[in-house]
Amino acid sequence: MEIDEKKVGDVLVVLPREKRIDASVSTGFKGRMVDWINQGNRRIVLDLSQVDFIDSSGLGAIVSSLKTLGTEGDLVICGIRETVMGLFKITRMNRVFQIFANESEAIEALSR
Amino acid sequence: MPGPAQSPKTITFLVDSKLKNVSLAGVAVRGICSYLSLSDVDAYYLELCVVEAVNNAIRHAYDNEEGHVVEVDITYSSEEIVLDISDRGKPMSLYNPALPDYDPADLKALPEHGLGLYIINTVMDQVTYTSEDNRNTLRMKKKLYRS
């Protein structure tokens, strides 16, 4: 799975370049996220602006990343499309994750 | 004024039991939803339900073993769409579409798995599961409201 990453201050911005985060890639995606967390990244922005489909396996990988991060860090989401947001609402994950319109708002929130 | 009633039409396709192939079923459903002029959100939900059902068949009915077939039958009329996902593997022992009652603030309790059936049951108007003659079918029905 192609994923771009960059550091803005102490915030890691993760940008999946694939259109789908589904069961065929969720394990690999989760592994990359856990690697970044184990490298010491504690503030992470997940930019979903390139993603137009997530299934429950992909959502599970994102939730698992948040749980791996634990209470010492934060994982927020930005750029989510209206369609994908529907999945977050159905599963009530919109109450779990902070969701921002764009990357700069998300970085600003994590940098406070 | 509503147009004349449309007789149901059906398309069937077969998916080899590999998770990598499930996206093909998904985009096929999305294409049909576009043809039916459904909204993007409704199309996403229907694609999601088919993907979840095919994933379940591959993982649970066939234990992730390749070389089996998952059949997707899509029947639509002007009023509703019916999505049948069938396999010839192990039947589901427990049909449990409930979402775990979790506290969003309790990290450890957040569900990572088992959301597929809950999503299907939430999105669809009617869901039935039958297992007869070594064929398991999850039937999902949704009334159509055009955008």
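In chain A of this predicted model, five strands form an open sheet of mixed pairing in the order E1-E2-E4-E6-E7, where strands count as paired if DSSP finds at least two bridges between them. At the edges lie strand E1 (3-8) and strand E7 (99-100) of chain A, each of which pairs on one side only. Strand E2 (residues 11-16) and strand E4 (residues 43-47) of chain A pair in the parallel sense over four bridges, and A:Leu12 has A:Ile44 in E4(A) as its bridge partner.

Residues are numbered from 1 along each chain as its sequence is written, and chains are lettered from A in the order in which they are written. Local features need pLDDT of at least 70 and side-chain atom pairs count only at pLDDT 80 or more, while totals for chains, interfaces and linings use all residues.

Four helices and seven strands make up the secondary structure of chain A; these are DSSP runs numbered from the N terminus, helices being H or I with at least four residues and strands E with at least two. Buried residues, those with 20 or more other C-beta atoms (placed from the backbone) within 10 Å of their own, make up 46% of the 112 residues in chain A.

Conventions:
Buried ≥ 20, exposed ≤ 12 C-beta atoms within 10 Å, placed from the backbone.
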